[in-house]
Amino acid sequence: MSTRRKGTIEYVMLYPIYFALALVIAGGLHNFGVKNIVMGFFLCYFLVNMMISLITRIVADEKWDIVISFAISVLLTVMYRDKVLTVNIFAAFGVTLLIYILRREKIRRVGWALVTFVLILAWMLVTTNEPRYVGISLIALGLYSITLLLGKNIIFYMAVPVIIAVATLFTPVNKKPCQWTMIKSGINAVGEFFGRMSDEISYFFEGFGISGGGYSGYSETGEISGSVSDYDREEMKFTSTGGTRKTIIYLKGRSYLDLDSSGFTGLESELPDNSWLALYLNALYHGDIDVKEASFFSRIVTSNVEYKYLRTEDTIAPLTPLEVSKNETGKKKKGYKYSVRHIVIDYGSPYYTGLTETAGMPYEDYETIADYTRRIYKIELDSYMSEEQYDQALAEKDMSRYLDTDMATERIKELTYNITKDCENDYEKACRIEEFLRQYTYSKDVDLSDSENYIDDFLFNTQKGYCVHFASSMVLMLRVAGIPAKYSIGYRHNEEKSNIVTGSEAHAWPEAYIEGLGWVPFEPTMTYLDQRDLSWGLGKNYDPEKYAKQFEKKDEASENDASKDESEYHNEMEIPTSDNNNKDTDKAGAKAFKKLVIYIIIMLGALLVIILIILLVRTIRYRMMTTEQKLCEIMKRIYAILDKNGKEKTEEMLEPEVRDEYRALVISYQRVRFRGDEADMEMVASAKKTYRVMRKIKIKKKQKETEKSKNEKVEKSAKKIK
């Protein structure tokens, strides 16, 4: 096998390593603040560069691949004229250039090891929560770097699975396709193994206090951060028992009270806390909720929790815990287990929201509520709450920290007033604020960490963000409206999908203190359904006079808004005629044709630029040669013509003087090449002259052959006519 062919095969076999390097660098760029990096775009353009490099290795000189890749990158940038695409195009070209440099023989061994070491170091110190494929890529880069340092060549062993894959294309098979169940299972097992290895590495370094900022996951902080990206690492296992219906459940780790420009601080209390139960049971009692009605919106459930790749001091539990079992395993880290007895509540049920009418009623004594609890839920209250704890939960508390509005600007206050001015109670105010915020755009790319007032900027400037911005804004607006509120963090988990809680389910939401209900969660983040949309829909036979009163105004307002929007739509909508349609079609066609012409001109211009660059490089390269090198270069071109046209035929077509000069030139060149004579510029000039003459002969020969074929065709057609 020739050295060139061997190098080409090795280049193809190394594609997985090149893509591993590209994935790590792309992930790092995005994490370091290059927000326009889109993995799909980046890999697409990187693949184009790899194909260009492969083609140049096969048909031309490898040194041209970078020049062509750069020219095509410039061409695509001019064509698309898009910021995101431009960033991804040149990021892909940058990685291609790095690979080109690392393939140089002098720096290959040490270069790969150094780059891999820097990437692993950056990953450990800055971005521990990279997606799984980055960890797998780093492992591949590390193995390859080690083999290079050891001087082992394992590249060609990679050809074995490729040969097997190609052989299967020509293997006869049955009409019914094979399911390859065992192979698929094996591949999945290998993928899971490497995925878990990546998670294990990430989890290990978290233990040294290395944060993984910039990626979703439980973070134990209420402070504002920059843009975030999803990371689906398994953080918890949450399993509900007892055959209850699966639903969306909020798992809370902490609640914060104090708000400033950096976000929320000031932990509320050690969680989980079951003091909410006293308020809840009094509301049910005063609302005359019986066993059947209670079953429409509440269930008692036991859930088991196990920490997976999660390291926190918090005991994460549902919003409404009754009791949390003690754990014997020690520290709260991977493997930490406990069970939670809790009540699942349908916060969107009219039976539940109707309890706001019980606001202001005096609390009942412990024995009365204990007896009521026994009848409604068939449980003993003293198993979860003593009389002392019950009295303490109902005691009057200082709510000033829940009403702090230092961050509220004048326009935040004015906005809140306009939204809630016609509401009859606190619950309706909270719902109006929630509905207003759900009009904003959800985006994880928003970074308000350097803002002096990130809530004001979110509400009036960016008008887009993620759960942190939505929840913070609603907490402040609730407080401005006179409703105690707090900022809670944890997970918003969908039990219907899986019992695994991932980092991408980490969430922040507001809780409002509503008279008659206690602490109620709300969902202002528009990408998620709110509590009314998630209602179980049980017990539709509720008394409308008792429970629908608070919704009458809201329904009328919704109908008015809907009719207003519809009328405005019909007034502003222009109904085009067939002539207008034809004109629009003609304009669109002309516009598309114009764009096509522009693109063709740009592509031709780019091609011309590439040709000029190649000619310029050749000229510069030729001028930098010695006299002997120039002579050798021209003679190579002369010999190429002789090989193609035939030496004897070419010499016969030369003029006698030129033929003698050519033969003298060959003798002189052989003396320079093999005897060591010194070349001079006269030889170079003679070689140039001979080359020009032979090029013309080559052209004339082609013209004669063309004329001969035409004459033969004419003669054949004439014979047919006769």
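Asp371, Arg374, Arg375 and Glu380 are joined in a network of salt bridges, a salt bridge being a side-chain nitrogen of Lys or Arg within 4 Å of a carboxyl oxygen of Asp or Glu. The model is predicted, so local features need pLDDT of at least 70 and side-chain atom pairs count only at pLDDT 80 or more, while totals for chains, interfaces and linings use all residues. Residues are numbered from 1 along each chain as its sequence is written, and side-chain values use heavy atoms, with hydrogens and water left out.

In general, side chains of opposite charge can pair when their charged atoms come close. Arg254 pairs with Asp314, with 2.7 Å between the closest N and O atoms. This pair links distant parts of the chain, 60 residues apart: Arg254 lies in strand β3 (residues 248-260), and Asp314 in the loop between β5 (298-307) and β6 (317-318). Helices (H or I, at least four residues) and strands (E, at least two) are DSSP runs, numbered from the N terminus. Both Arg254 and Asp314 are buried, where buried means under 20% relative accessible area, exposed over 50%, and partly exposed in between (1.4 Å probe, protein chains only).

Two further pairs involve helices. Asp456 forms a salt bridge with Arg411, the closest N and O atoms being 2.5 Å apart. Here helix α17 (residues 454-462), which holds Asp456, is linked to helix α15 (residues 410-420), which holds Arg411, across 45 residues. Asp456 counts as buried because its relative accessibility is 8%, whereas Arg411, at 37%, counts as partly exposed. The side chains of Arg432 and Asp422 also meet in a salt bridge, at 2.9 Å from N to O. Arg432 sits in helix α16 (residues 426-437) and Asp422 in the loop between α15 and α16, ten residues apart. With a relative accessible area of 15%, Arg432 is buried; Asp422, at 45%, is partly exposed.

Asp365, Glu367, Asp382, Glu387, Glu388 and Asp391 form a negative surface patch. Such patches are made of residues with over 30% relative accessible area and no salt bridge, like charges being joined within 9 Å and nonpolar side chains (Val, Leu, Ile, Met, Phe, Trp, Tyr) within 5 Å. Helix α14 (residues 387-394) gives the largest share of the negative patch, three residues. Glu388 has its place in helix α14 and is exposed, because its relative accessible area is 64%.

Definitions and conventions:
Areas by Shrake-Rupley, 256 points an atom, 1.4 Å probe, with all protein chains shown as cover. Lys, Arg positive; Asp, Glu negative; His and termini not counted. Charge placed at Lys NZ, Arg CZ, Asp CG, Glu CD.
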